[in-house]
Amino acid sequence: RLLRAVRFAANLGFEIEKETWEAVRALVPEIRVVSAERIRDELVKTFTRPAAGRGLNLLSESGLLKEILPEVEQMKGVEQPPEFHPEGDVFVHTKMLMEKLKNPSPTLAFAALLHDVGKPPTFQVREGRIRFYEHSRVGAQMSEAILRRLRFTNEEIKAVYTCVDNHMKFANVLATVCKF
């Protein structure tokens with residue numbers, strides 16, 4: 001019910017009343033007794049319907065994200081090069097991407113959610129510049145582990161893995177073709 005409250009609030013534009021919100025936050029540890037399949041199903045509904053970015057934000061603010069997707073919560077505060085990402089940290093960047101999705105498939109929604117999940121463990125500053133060497137490969141491996149934990153099908157896992165692993169190739173093609 002905790003995830004459902006967040007999903008309804010996000011997808012339908014509801015505000016969660018104060019007492020209900022406090023109850024959700026207080027009961028966050030109880031999410032550990034919910035099956036991975038039920039959590040997966042609620043996350044799919046949250047991220048494939050309108051206001052997925054708001055859903056991500058509410059999951060974080062409630063404390064649920066830290067329990068069910070700690071790897072995504074760890075994107076908070078991870079700086080990015082401002083010349084490429086003026087929007088801010090990796091979490092904000094991901095939330096903004098989620099907000100742009102319009103009726104995505106579960107594969108696209110989770111590829112978007114997890115495309116930069118490899119940035120926190122690969123963060124470095126070298127010669128005064130922020131770097132994320134191999135974040136796509138690391139993120140793909142992390143995505144596989146996350147999706148297995150949530151009991152996605154092998155086909156879905158492979159598709160998201162491929163998207164995350166290759167997401168920078170498309171950026172490089174665009175930069176070459178469009179001379180960014």
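Student: Of the 47 residues in the largest nonpolar core, which touch the most other members?

Tutor: First, the general idea: in soluble globular proteins, nonpolar side chains tend to be buried together. Here, Phe47 and Phe110 touch the most other members of the core. A nonpolar core is a set of buried Ala, Val, Leu, Ile, Met, Phe, Trp, Tyr and Cys residues joined through side-chain atoms within 4.5 Å. Helix 8 supplies the largest share of this core, 6 residues.

Student: What kind of model is this, and how are residues numbered?

Tutor: It's a predicted model, where local features need pLDDT of at least 70, side-chain atom pairs count only at pLDDT 80 or more, and totals for chains, interfaces and linings use all residues. Numbering runs from 1 along each chain as its sequence is written, and side-chain values use heavy atoms, leaving out hydrogens and water.

Student: What does Phe47 touch, beyond residues up to four places away in sequence?

Tutor: Look for contacts (heavy atoms within 4.5 Å). Phe47 touches Ala52, Leu56, Leu59, Met98, Leu101, Pro104, Ala109, Phe110 and Leu113.

Student: Let's pick Leu59. Is Leu59 buried or exposed?

Tutor: Leu59 counts as buried because its relative accessibility is 1%. The cut-offs are under 20% relative accessible area for buried and over 50% for exposed, with partly exposed in between (1.4 Å probe, protein chains only). You'll find Leu59 in helix 4, residues 52-62; helices here are DSSP runs (H or I, at least four residues), numbered from the N terminus. Setting aside neighbours within four places in sequence, Leu59 contacts Leu3, Val6, Leu43, Phe47, Leu64 and Leu65.

Student: How many aromatic pairs does the whole structure have?

Tutor: A pair of aromatic rings is described by the distance of the centres and the angle of the planes. The search finds 3 pairs. One of them, Phe110 with Phe152, is edge-to-face, at 4.9 Å centre to centre and 65 degrees between the planes. That pair links distant parts of the chain, 42 residues apart: Phe110 is in helix 8 (residues 106-114), and Phe152 is in the loop between helix 10 (135-149) and helix 11 (154-178). Rings of Phe, Tyr and Trp (its six-membered ring) pair if their centres lie within 6.5 Å; planes under 30 degrees apart are stacked, over 60 edge-to-face, the rest tilted.

Student: Are Phe110 and Phe152 buried or exposed?

Tutor: Both are buried, and together with Phe47 they form one aromatic cluster.

Methods. Helices (H or I, at least four residues) and strands (E, at least two) are DSSP runs, numbered from the N terminus.
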